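Here are my notes for a first look at this model. Please keep the structure open while reading; each point takes up one topic.

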Amino acid sequence: MTDPWHMLSEEERLFCDVLERLCAERIAPRAAETDETARFVHDQLATLGGAGMMGANLPEEYGGGGISAPALLRAVAIVAGACGSTASALTAHYLATDSILIGGTEAQKQALLPGAAEGRALGAFALTEPTAGSDPADMKTRARREGGGWRLEGAKCFISNGAVADFLVVYAVTDPARAHRGISAFIVPKGTPGLSAGAPERTMGLKGGHVFTLGLDCHLPEDALLGGVEGQGFKTAMQVLDNGRIEVAAQCLGLAEAAMATAIAYAKDRVIGGQPLTDRQAIRFMIADMGLAFQSARLLAQDAARQRDAAHKGGGRFSLAASMAKLHASEAAGRIADTALQLLGGYGYTRDFPVERIVRDLRIMRIYEGSSEIQRSIISAQLLA
Ligand SMILES: Cc1cc2nc3c(=O)[nH]c(=O)nc-3n(C[C@H](O)[C@H](O)[C@H](O)COP(=O)(O)OP(=O)(O)OC[C@H]3O[C@@H](n4cnc5c(N)ncnc54)[C@H](O)[C@@H]3O)c2cc1C
């Protein structure tokens, strides 16, 4: 079989090999405990910071790794295969730093990105509101000019890393008359008076990657406006989500591969009625279906990643490829993990194996960063056009 990651450079391969070892030694062994205790993945993110992973999405000029999008896909999948919570907190941080990279002024990039890339400052991306999730253009959070700066008022919900992050990129309406063109983005540092957070939500999975409801009643300085221009926020958020959707696909690949590997190892070992499970054709078909679902998800995600690199070099968007990759990977990974659990029988339903945790961690992939229904809407709109 040819190497499925043949497109990576030698240097990128080395980066991924080192990351894989680090994740196997220091992150995967803590995944079950993280799930049980629901403790935020601070230590795991610090470990990733040391490996250059907190800035792997950024160019070298801002302290990032400068790796290709397929290499980033592989790297995020490696982290997710070790611990879904860690990968989710990591990719939420990418949404914040990508917001600054795409929409920020040079001064904002220089001020925030190198620290974020080193893992010294954690980011959060605050778009969703209690009444605006799938349709963020309907957001109510308002920013008005006040005393040479801004007054930011409103609420955000389900914000990954929200209360833990050192800085947040918060999207808010600056001109209600202009609909989505009246949305802008603001950099809000941790500890800003009037920024409040509740306790983390009690989620089904990804328990070590906390999500928060945030209250906003803050005064911000003039230069908190991302990019220094109003009305660019929605466009920035959509471009960030194109990247983010490939990173969701990466999380799905990592989690699905871990479930599949557990199930295959189990099926080889398990003897029923004197026969190994793998002698049964029904079981072999389940393994074939998992392999096919995984391969198709990986190919679509790699294609989207290649399009991401091409778009970044030549301008343009890759929304269709990103939506397809996210939709297919999240649905395929859900099926793979469910099949893996089935293959383990009763043991699959216990916490003795990681598969039940993976099933729970994966469920949100069909909802966040645009649900499956929203991805189908984006894909069909592009095809109809
Ligand atoms: C663990 C977790 C982490 C998250 N992290 C972040 C984060 O870091 N930052 C952030 O901003 N947000 C984050 N979110 C929010 C997430 O992106 C939203 O939950 C998601 O976009 C869906 O929005 P909603 O929950 O308001 O659902 P709704 O928009 O109310 O949707 C409800 C249902 O209706 C369907 N639906 C909605 N509109 C349509 C339509 N037009 N056509 C067909 N069906 C439709 C949806 O698919 C869904 O099934 C996170 C959520 C969770 C649970």
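**Notes on helix packing and domains**

1. Start with helix 4 (residues 69–82) and helix 8 (residues 281–314). Their axes are 7 Å apart, and the two pack at an angle of about 135 degrees. Helix 4 and helix 8 are therefore oblique to each other. Keep in mind that this is a predicted model.

2. Which residues make this contact? On the helix 4 side they are Ala69, Pro70, Leu72 and Leu73. Helix 8 supplies Ala301, Gln302, Ala305, Arg306, Arg308 and Asp309. Sorted by class, the contact of helix 4 with helix 8 holds 6 nonpolar, 1 polar and 3 charged residues.

3. Next, look at the domains. The protein chain is divided into domain 1 (10–121), domain 2 (124–231) and domain 3 (234–384). The bounds come from an automatic or database domain assignment.

4. How far apart are the C-alpha centres of domain 2 and domain 3? They lie 30 Å apart. In the contact, 13 residues of domain 2 touch 14 residues of domain 3. Between them, domain 2 and domain 3 bury about 1,100 Å². Of that area, 75% is on carbon and sulfur atoms.

5. Now turn to helix 5 (residues 84–103) and helix 6 (residues 106–118). Their axes come within 9 Å and cross at roughly 155 degrees. Angles over 145 degrees count as roughly antiparallel, so helix 5 is roughly antiparallel to helix 6. The crossing of helix 5 with helix 6 is left-handed.

6. The helix 5 side of that contact consists of His93, Thr97, Ile100 and Leu101. These meet Gln108, Lys109, Leu112, Leu113 and Ala116 in helix 6. By class, the residues of the contact of helix 5 with helix 6 are 5 nonpolar, 3 polar and 1 charged.

7. Last, compare helix 7 (residues 233–269) with helix 9 (residues 319–343). Are they roughly parallel or roughly antiparallel? Their axes come within 8 Å and cross at roughly 20 degrees. That makes helix 7 roughly parallel to helix 9. The crossing of helix 7 and helix 9 is left-handed.

8. The contact of helix 7 with helix 9 can be followed along both helices. Helix 7 contributes residues including Asp242, Arg245, Ala249, Cys252, Met260 and Tyr266. From helix 9 come residues including Ser319, Lys326, Ala333, Ile336 and Leu343. By class, the contact of helix 7 with helix 9 has 18 nonpolar, 3 polar and 3 charged residues.

Key. Residues are numbered from 1 along each chain as its sequence is written. This is a predicted model: local features need pLDDT of at least 70, side-chain atom pairs count only at pLDDT 80 or more; totals for chains, interfaces and linings use all residues. Side-chain values use heavy atoms; hydrogens and water are left out. Axes are lines fitted to C-alpha atoms, for helices over the stretch in contact, and angles run from 0 to 180 degrees between N-to-C directions. Helices (H or I, at least four residues) and strands (E, at least two) are DSSP runs, numbered from the N terminus. Angles under 35 degrees count as roughly parallel, over 145 as roughly antiparallel, 65 to 115 as roughly perpendicular and the rest as oblique. A crossing is left-handed if the near helix is turned anticlockwise from the far one by less than a right angle, and right-handed if clockwise. Contact means heavy atoms within 4.5 Å. Ala, Val, Leu, Ile, Met, Phe, Trp, Tyr, Cys and Pro count as nonpolar, Asp, Glu, Lys and Arg as charged, and the others, Gly among them, as polar. Buried area is the accessible area (1.4 Å probe) that two parts lose on being put together, summed over both.
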